[in-house]
Structure formats: structure tokens, C-alpha cells
Amino acid sequence: MTRPLAIHPAAPGRFDASPARQAARLSVAPMIDWTDRQCRGFHRLLSRRALLYTEMITAPAILHGDRDRLLGHDGDGPVALQIGGSDPAQLAEAARIGADYGYDEINLNVGCPSDRVQSGCFGAVLMKSPDLVAACVAAMQAASPVEVTVKCRIGVDEQEPAEVLPAFLATLEAAGVRRVIVHARKAWLEGLSPRENREIPPLDYPLVHAMKAAFPGLHLSINGGIASLAEAEAQLAVMDGAMIGRAAYHEPWAILGAADRLWGEAPPLASPVAAAEAMREVLARHLAAGGRMHQITRHMLGLFHGRPGARQWKRILSERASQGTLADYDAALAAVSLDAA
């Protein structure tokens with residue numbers, strides 16, 4: 001059933017109690033080739049509360065591709081759909097479709113610096129076209145009954161972030177956006193790879209913190225370089241939300257295994273061993289349906305990071321990934337020292 005269109009998408013406070021807004025205290029960043037449906041299912045097992053994001057999916061792919069494959073999800077806990085594009089009409093239709101699939105938030109990517117994204121005129125290059133971004137989000141808001149948000153950088157190329165970022169946020173706010181995630185690094189669209197763009201441009205946390213003071217009406221999350229739950233919690237002393245990317249993927253237990261304490265709740269599982277045992281049931285159903293073990297276990301290699309048995313766990317799951325069975329999974333779990341519990 002198609003949901004009704006939003007009538008007043010920019011009304012202050014309209015989404016304050018939404019599942020995504022409440023969960024945005026801590027979120028896992030959208031990561032291409034990583035935060036797929038299987039990854040999110042694993043992360044949701046570790047945290048009931050954290051906001052999870054899809055990989056970026058382009059608007060044309062949503063309009064013309066296999067929607068069930070691209071957009072299907074398990075509907076367990078708050079999850080956001082990140083869309084890439086720069087055509088307001090396409091983005092509006094993609095946002096409507098995403099909302100119909102049950103996503104709690106629709107996010108526009110204005111931060112990815114890859115060559116593929118630039119050639120499609122979306123991602124971080126859109127920071128050079130704030131009026132176009134405003135038109136895009138206005139169209140998306142008019143079509144979506146759930147909140148439309150933006151993830152951006154502090155600037156690109158030769159832009160001066162201290163000038164560009166406040167002007168960009170002011171444009172978004174005027175267009176009705178009420179929640180923004182800011183990656184606290186500039187993006188260089190030429191000369192740096194996507195990986196280098198995550199590491200070489202210096203972080204400017206003070207600038208992003210200053211934006212929270214300058215825009216009290218915006219819900220602002222900070223992203224970039226946050227490597228632990230303690231660092232995320234420190235950011236929450238200033239910001240409304242903290243977004244963690246690769247650290248949450250590579251060390252899922254250390255971050256997501258204790259994340260629900262940020263909401264004053266006990267974690268759903270007591271140990272990484274308990275998480276691995278719970279995932280065994282998920283894996284069994286996946287294999288029975290014709291899936292491959294690697295589609296799930298590749299996201300779990302860091303579950304025992306820094307604990308006894310971690311190396312054996314990763315080795316067995318990696319070596320037997322292509323034709324893996326439940327017996328292989330059990331062997332990997334048996335190799336984990338009981339001290340890991």
C-alpha cells in the first residue's frame with residue numbers, strides 16, 4: 001500500500017519522535033559493498049538501538065533495477081536508506097519508493113568522493129551546487145512521509161570549510177532539512193582515492209562543533225575518525241549524534257556490542273560467543289535458502305577482534321568462504337578460545 005504524501009515536510013519537530021531520530025544518537029555509516037542486508041542483520045543482532053544505513057543506492061537503480069533485491073530488508077529496528085543522485089524528480093520518486101519499503105529515514109549522499117560518483121554528478125561534488133541540493137531535498141520531502149536527511153563533507157577541493165559549511169547548512173535548513181550528518185573532513189575530488197579521502201584530509205571537529213552552536217534548530221551528527229564507543233560518547237557531549245564507519249565494521253563487538261548503553265539499556269547479548277551462536281541460526285536459514293556462507297560471514301570476521309581465537313576464527317571463515325557449510329562455521333567457532341566469552 002502506498003503511503004500518503006507528506007503535507008508539511010519542513011514543519012519543526014515533525015520527526016522528533018521518529019525511530020530514526022531517536023536512534024541517530026549512534027549510527028553506523030553507509031559503506032559501499034559493506035553495509036548490505038546481511039551486514040545490517042548482523043549489526044542489528046548486536047544492537048537494538050543504533051541506526052543502521054544501507055549502502056548508497058543510486059536513484060536510477062531504484063527506479064529501474066530489481067527493487068526487492070536492492071531495497072528488501074528485515075524490518076528489525078531503525079534503518080535508513082541512502083540514495084545517490086542529483087535529479088530532483090528521480091530522487092523524489094526514489095524516496096517515495098524507499099519509504100514504501102519501510103525505511104525510517106531517506107538520506108541524500110552529498111559526501112562520497114569516488115570517481116564513479118562524480119561522473120554521475122552526485123556525492124561530494126554536490127557541495128559545489130547547494131541550490132541544486134536544496135531543490136533535490138525539497139522534492140524528496142514532498143514525496144516522502146519519513147524524514148529526509150543529508151550526509152555531507154565540510155567542503156571539497158579549494159573551498160574554505162569555515163565559509164562553505166555554514167552557508168551549505170543554512171541552505172539545507174531553509175529547504176526544510178532538520179537533520180544532517182557531517183563528515184568532518186574536506187574531500188579532494190581529484191588526486192586522492194576514496195580511501196585516501198577518508199584518511200589524508202585533516203579532521204576538523206571544532207568546525208563541526210561550532211555548527212551545532214550556530215544551528216541549534218538542526219539535529220547534527222558528526223562522522224569521521226571516530227574509532228571507539230568512548231570517542232562517540234565524547235562527541236555526544238557536543239553533538240546530537242555520532243556516526244561510526246569502518247571501526248564499527250572491523251570491531252563490531254567492541255562498538256555495537258555495548259552500544260545500547262548509550263540509551264541506558266543493557267546490550268542484547270552477553271558476549272561475542274553468544275553473538276556467533278545466535279548468528280548460526282541466521283546462517284542455517286540462509287544456506288537452506290540457497291545462499292553462500294561468505295555472504296554473511298565476511299561481515300563477521302572482526303567479531304572477536306583483540307580476543308583469544310580471533311586469528312583462527314578469521315582464517316577458517318576466510319579459507320572456507322566459497323563453499324562453506326555449517327560444519328565449517330562450527331569449526332571456526334570451536335577454534336575460538338573459551339576466554340573470548
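Phe304, Trp313 and Tyr329 come together as one aromatic cluster. Here, rings of Phe, Tyr and Trp (its six-membered ring) pair if their centres lie within 6.5 Å, and planes under 30 degrees apart count as stacked, over 60 as edge-to-face and the rest as tilted. The model is a predicted one, where local features need pLDDT of at least 70 and side-chain atom pairs count only at pLDDT 80 or more, while totals for chains, interfaces and linings use all residues. Residues are numbered from 1 along each chain as its sequence is written, and side-chain values use heavy atoms, with hydrogens and water left out.

By the ring rule, the count of aromatic pairs is three. One of them is Trp34 with Tyr249, a stacked pair with 4.2 Å centre to centre and 15° between the planes. This pair ties together distant parts of the chain, 215 residues apart: Trp34 sits in the loop between strand S1 (26–28) and helix H2 (37–46), and Tyr249 sits in helix H12 (residues 246–250). Helices (H or I, at least four residues) and strands (E, at least two) are DSSP runs, numbered from the N terminus. Trp34 is partly exposed at 21% relative accessibility, whereas Tyr249, at 7%, is buried. For these labels, buried means under 20% relative accessible area, exposed over 50%, and partly exposed in between (1.4 Å probe, protein chains only). Phe304 and Trp313 make an edge-to-face pair, because their ring centres are 4.9 Å apart and their planes stand at 75°. Phe304 is buried at 0%, and Trp313 is buried at 0% as well.

Next comes the strand region. Strand S3 (residues 79–84) is mostly covered, with six of its six residues buried. In a regular strand, side chains alternate between the two faces of the sheet. Both faces of S3 are covered, with Val79, Leu81 and Ile83 buried on one side and Ala80, Gln82 and Gly84 buried on the other. Strands count as paired if DSSP finds at least two bridges between them. S3 pairs with strand S2 (residues 51–58) in the parallel sense over five bridges, and Gly84 is the bridge partner of Thr58. S3 also runs parallel to strand S4 (residues 105–110), joined by four bridges, with Ile83 standing opposite Leu108. Between S3 and S4 the chain passes through helix H5 (residues 88–100), making a right-handed β-α-β crossover. Right-handed here means that, with the strands pointing away from the viewer, the path from the first strand over the helix to the second runs clockwise.

Gly77 is partly exposed, at 28%. Neighbours within four places in sequence aside, Gly77 contacts (heavy atoms within 4.5 Å) Arg44 and Asp104.

As for the cysteines, the whole structure holds zero disulfides, taking a disulfide as a pair of cysteine sulfur atoms within 2.5 Å. For Cys39, the nearest cysteine sulfur belongs to Cys112, 17 Å away. Cys39 is buried at 0%, and so is Cys136, also with 0%. Cys112 is in the loop between S4 and helix H6 (115–119) and is buried at 14%. An unreviewed UniProt entry lists Cys112 under "active site"; UniProt positions follow the numbering used here, feature names are shortened, and annotations may be inferred rather than shown by experiment.

Finally, His286 belongs to helix H14 (residues 272–288) and is buried at 15%.
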